Amino acid sequence: MKKFDVVALGELLIDFTENGTSPQGNPLLEANPGGAPCNMLAMLTKLGKKTAFIGKVGKDSFGTSLRETVKSCGIDVSNLQEDEKVHTTLAFVHTYPDGDREFSFYRNPGADMMLRREEVNEELIKNAKVFHFGTLSSTHEPAREATRYALDVARENGLMISFDSNLREPLWDDLEDARREIEYGLLVCDILKISDNEMEFLTGTTDYSKGVAMLREKYALPLVFVTMGKEGSKAFYHDMEVTAEPFLQEHTIETTGAGDTFAACALNYVLDHGTDHLTEDNLKELLTFANAGASLITTRKGALRVMPSREEIEELYPHQQFRHA
């Protein structure tokens, strides 16, 4: 028996999000715990899965706060390292009227980039069913080497590999380097979660069916999820393509964490049902649940602390209209 359902490696940071204005007319910023891997683990934990995080924060007040927050969500933080010299990474999130957002990062360097190979606890990985990672742990060394090592351990021990392409263009010195790292993720993963803009970046097309076909010509991708924002999501499995409509919210505040929530809900379904014999109905059920979860997080500030419960997600179902691709 494995101790953990999912172990994730990657960035843990503070998202400063807009929260009104001061009496002087200055913008007020709220310090929300963030980072895609831990957002995803928080949702998985909310759904009853056992999770652990591998990463690095600064030995500073933000790092201390992040450790306590992640721990309070039920995520194992025994392999969360501290850097004595480099501060915790910060991100400033500008939100547009439609809820979309733009990031400005203070990460040159940031502590999450400083995770070293020798700081990765391989026993933690060996005791998991799934290893999850994204691209942000591979923007710079030494974290890139640490990510490669963790992946090697996971693959040698038969873990399922989950990958979120999670392109954040401002964090790359060269977008061709970003392309290479995403392609490395495609080479090693069993489950891919990719957004519409990332698909266009990789394939040059907004026809996502065509884009997935292009990727599958080069990579063995057993299960692919494409998130399309207000257009819903798609799943590709063997020769099946299934589409689920979005749950559009009247009170969307921001979309931070929506993709992470979707990824967690999808991975939760895979953990419960496996990947050997998924049917079209299975994929529809998976996408519907994941779309509903993602929609709820857009009505809340931050993500990690405020993930929805299974009951909250399922309450949206009576209002959903389904269609098959």
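Which residues in H1 are buried? In this predicted model, the buried residues of H1 are Ala 36, Pro 37, Cys 38, Asn 39, Met 40, Leu 41, Ala 42, Met 43, Leu 44 and Thr 45. With ten of its eleven residues buried, H1 is therefore largely enclosed by the rest of the structure.

**Overall fold**

- The protein is built with ten helices and 13 strands, and its radius of gyration of 18 Å is close to the 20 Å that the globule rule gives for 325 residues, so the protein is as compact as a globular protein of that length.
- Taken along the principal axes, the box that the C-alpha atoms fill is roughly 55 × 50 × 40 Å, while 58% of the 325 residues count as buried.
- When contacts between residues at least 6 apart in sequence are considered, 72% of them join residues at least 24 apart.

**Helix H1 and its packing on H8**

- Helix H1 spans residues 36-46 and helix H8 spans residues 258-273, and the two pack at an angle of about 50° with their axes 8 Å apart; H1 and H8 are therefore oblique to each other.
- The crossing in which H1 passes H8 is right-handed.
- On the H1 side the contact is made by Ala 36, Asn 39, Met 40, Met 43 and Leu 44, which meet Asp 260, Thr 261, Ala 263, Ala 264, Cys 265, Leu 267, Asn 268 and Leu 271 on the H8 side.
- Just after H1, the backbone at Gly 48 takes a positive phi of about 95°.

**Val 188 in helix H5**

- Val 188 lies in helix H5, which covers residues 175-188, and has a relative accessible area of 6%; because buried means under 20%, Val 188 counts as buried.
- Leaving aside residues up to four places away in sequence, Val 188 touches Phe 133, Leu 151, Arg 155 and Ile 161.
- The C-alpha atom of Val 188 is separated by 9.5 Å from that of Asp 152, a residue 36 residues apart from Val 188 along the chain.

Notes. Residues are numbered from 1 along each chain as its sequence is written. This is a predicted model: local features need pLDDT of at least 70, side-chain atom pairs count only at pLDDT 80 or more; totals for chains, interfaces and linings use all residues. Side-chain values use heavy atoms; hydrogens and water are left out. Axes are lines fitted to C-alpha atoms, for helices over the stretch in contact, and angles run from 0 to 180 degrees between N-to-C directions. Helices (H or I, at least four residues) and strands (E, at least two) are DSSP runs, numbered from the N terminus. Angles under 35 degrees count as roughly parallel, over 145 as roughly antiparallel, 65 to 115 as roughly perpendicular and the rest as oblique. A crossing is left-handed if the near helix is turned anticlockwise from the far one by less than a right angle, and right-handed if clockwise. Contact means heavy atoms within 4.5 Å. Buried means under 20% relative accessible area, exposed over 50%, partly exposed in between (1.4 Å probe, protein chains only). The radius of gyration is taken over C-alpha atoms; the globule rule is 2.2 Å times the number of residues to the power 0.38.
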